Amino acid sequence: MKKLVALLAVPVLVFFLGGIVSAQDFFIPQVPTGVEIVIDAEGGDWGWFDEAYAITQDKTDDSGGLEQPALDDWDILEYMAWAPPNWLYMYCVISDDVFFISQTTNGAMWQDDCHEWVFDGDLSGGNYRTAESHGRTAQQYGVWCIEEPENPVRGNAGYSISSLWCEDDLQWAGGPPELVAAVKIPEVTTDCQYAYEVKVSCWDVLMPTKEASTPHIFSDGDIFGWTWMWDDNDGEGRESNMGLIGPAGDAWTNADLCVAVGCVGETSVEPSTWGSVKALFK
């Protein structure tokens, strides 16, 4: 199968921010002024993206301690960028030896090939999936390569391209207009590529209404907690649950295990240095 090209690594740092401790941290650029990203899973709007910020398999490991897949089994190329006031954009291409979808509910998508991420905007950390507060202080999202139903239903028991693992009354943030997703489903199921593209609004505190929620305000030098989780299943159970390098294994419930991601403004000439990041916290 076609192997994705390995790209330049962003600087490797160690951060101690709130509950987050990370062995490797990542940076994302701002969407340039005048650039419009159309969510169509085609990637044609990302020609401006500096590939030094790209995520490839060498920047990931298996969140559950499973064996790292061979590149001809599973490989990734992911771009992410921010835009004011509280938007993240993602474009992801997966190369996979076997594409597999079998589940029929959002809550079970992690058992198939899918794309998950966790956002902890204010670095509050901790367990964000308690009975009292499920998804309010940090959020876990998922998208998967399915045909969107005519009347999609969000939530664990629903069926839709995108969803949140959260209290039912927070699902307003898991679909349009707050989360717009498009997927490119492969024409064949072996030695194939598929793609995700997402625009999502981000929240420091998510509440049952938008008016009661606290948006995360992105800016040059901003830092937030994050992890991706890419699930791979070839039809015999989960083979890997790849995430950003760092202690992300239980980030699906414990935001302390997210990694720190820094925002780079369009006027910045290079990723933030450790000294400039430290200065934000003086």
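This is a predicted model: local features need pLDDT of at least 70, side-chain atom pairs count only at pLDDT 80 or more; totals for chains, interfaces and linings use all residues.
**Entry 1: a starting pair**

**Entry 2**

Next I looked at the strands themselves. β8 covers residues 114–120, and its partner β15 covers residues 223–233. I noted 7 bridges between β8 and β15, in the antiparallel sense. On the β9 side, residues 139–143, I noted 5 bridges to β8, and these two strands run antiparallel as well.

How many residues of β8 are buried? I got 7 of 7, so I wrote the strand down as mostly covered, with buried meaning under 20% relative accessible area. I also sorted the residues by face, since side chains in a regular strand alternate between the two faces of the sheet. One side of β8 holds Cys114, Glu116, Val118 and Asp120, and the other holds His115, Trp117 and Phe119. Every one of these is buried, and both faces of the strand are covered.

**Entry 2: the whole chain**

I stepped back for an overview. I have 17 strands and 1 helix in the protein chain. The chain has 282 residues, and 55% of them count as buried. Its exposed surface comes to about 11600 Å², with 53% of that supplied by carbon and sulfur atoms. For contacts with a separation of 6 or more, I noted that 68% join residues 24 or more positions apart.

I picked out an open sheet of 5 strands and wrote down its order, β4-β6-β7-β12-β11, with antiparallel pairing. Which strands stand at the edges? They are β4 (55–56) and β11 (179–184); each has a single partner strand, so one side of each has no neighbour in the sheet.

For β11 I looked up that partner: β12, residues 190–201, pairs with β11 over 6 bridges in the antiparallel sense. One position I checked there was leucine 179, which stands opposite valine 200 in β12.

**Entry 3: salt bridges**

Side chains of opposite charge can pair when their charged atoms come close. I went looking for such pairs, and the count came to 4 salt bridges. I followed up several.

Glutamate 42 pairs with lysine 184, with 3.8 Å between the closest N and O atoms. Glutamate 42 sits in the loop between β3 (26–29) and β4, while lysine 184 is in strand β11, so this pair ties together parts that are 142 residues apart in sequence. I have both down as partly exposed: glutamate 42 at 47% relative accessibility, lysine 184 at 42%.

Glutamate 148 and arginine 154 also meet in a salt bridge, at 3.4 Å from N to O. Glutamate 148 counts as partly exposed, at 31% relative accessibility.

The next one I checked joins lysine 210 to glutamate 178, with the closest N and O atoms 3.1 Å apart. Lysine 210 is in the loop between β13 (203–205) and β14 (214–215), and glutamate 178 is in the loop between β10 (162–165) and β11, so parts 32 residues apart in sequence are tied together.

Terms used: Residues are numbered from 1 along each chain as its sequence is written. Side-chain values use heavy atoms; hydrogens and water are left out. Two strands pair if DSSP finds at least two bridges between them. Helices (H or I, at least four residues) and strands (E, at least two) are DSSP runs, numbered from the N terminus. Buried means under 20% relative accessible area, exposed over 50%, partly exposed in between (1.4 Å probe, protein chains only). Contact means heavy atoms within 4.5 Å. Accessible areas come from the Shrake-Rupley method with a 1.4 Å probe; for residues, only the protein chains shown count as cover. A salt bridge is a side-chain nitrogen of Lys or Arg within 4 Å of a carboxyl oxygen of Asp or Glu.
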